[in-house]
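Today I opened a new model and looked up how its pieces pack together.

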Amino acid sequence: MLAVERRKLILDKLQEEKHVVVSELSRQFSVSEETIRRDLERFEKEELVTKSYGGAVLREGVGVEMPFKVRKKRNVLGKRIIGEIIADSISDGDHVLLDPSTTALFVVKALRSVGKKNITIITNSVEVLMECAEYDDWEVISTGGTMQAEKFALVGPKAIEGIADFHADKAIISCRGIDMKKGLTDTNIMFSQVKQTMLDNAAERILAVDGSKFDQVCFSRICALSDIDTVVTDAAPSEAWAGYLKDRGVTCIYGEKDQSYSICQ
């Protein structure tokens, strides 16, 4: 088993059980306890866990950032609904900033399926760049930056500089948590910085999140909810959330089971 596969399975276990034990993981993966400790030290540096005697516990209020290949297989129907709603709001000729979220892939697929033309995509997502490679009637621009391999994303100062060179019609971002008091949050400060820059350089700012992200708070703040124009999600939000967003002038569009969509009133 590759190290990246082992770490992914450890993250899965943390997500489900909130804690892990070094000796148990050592036996499960047939590796030394020292190898497991190095894995846990890596997670601790990423602010995901707190090491304890003989193991580690998931940090309270922190959502584990799963590898991209794992995340893109989760809630596929919800992401497809979100992608279709967003694609419907994009016009031929628009310039669009896309973050490295798995939902961004579904936005690209939906744009192609409805035949949008002359689209310019600016992104720090390696997967989005690859997905767009075959679309020769679109202009596709990479932000540049430093590669984060497991997340298939480009981050850092060069990525931020690359985004700041443009002004887009729409910025479409996701996040790991959306909370009434804390706003939008993510697990990684470098991701948050890139997303902040995208929002600063677009006329319309769209948050694409499925229902599991509501009432969640993660390590790194992206922005306040008032910095978003539209929230697109896969199901009707609670009455409390619908009222909260409406009071702050944020439009909320959500998917329906029959694949139509509605706007919170």
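Predicted model: local features only at pLDDT ≥ 70, side-chain atom pairs only at ≥ 80, totals over all residues.

I began with the helix pair: Arg-6, Leu-9, Ile-10 and Lys-13 of helix 1 are in contact with Leu-25, Gln-28 and Phe-29 of helix 2. Contact here means heavy atoms within 4.5 Å. I sorted this contact by class and found four nonpolar, one polar and two charged residues.

Residues are numbered from 1 along each chain as its sequence is written, and side-chain values use heavy atoms, leaving out hydrogens and water.

Next I turned to the sheet. I found an open sheet of three strands in the order 1-3-2, paired antiparallel. Strands (E, at least two residues) and helices (H or I, at least four) are DSSP runs, numbered from the N terminus, and two strands pair if DSSP finds at least two bridges between them. Strand 1 (19-21) and strand 2 (49-52) are the edges with a single partner strand each, so one side of each has no neighbour in the sheet.

Which strand pairs with strand 2 over four bridges? I found strand 3 (residues 55-58), in the antiparallel sense. Val-49 stands opposite Leu-58 of strand 3.

Definitions and conventions: Nonpolar A, V, L, I, M, F, W, Y, C, P; charged D, E, K, R; others polar.
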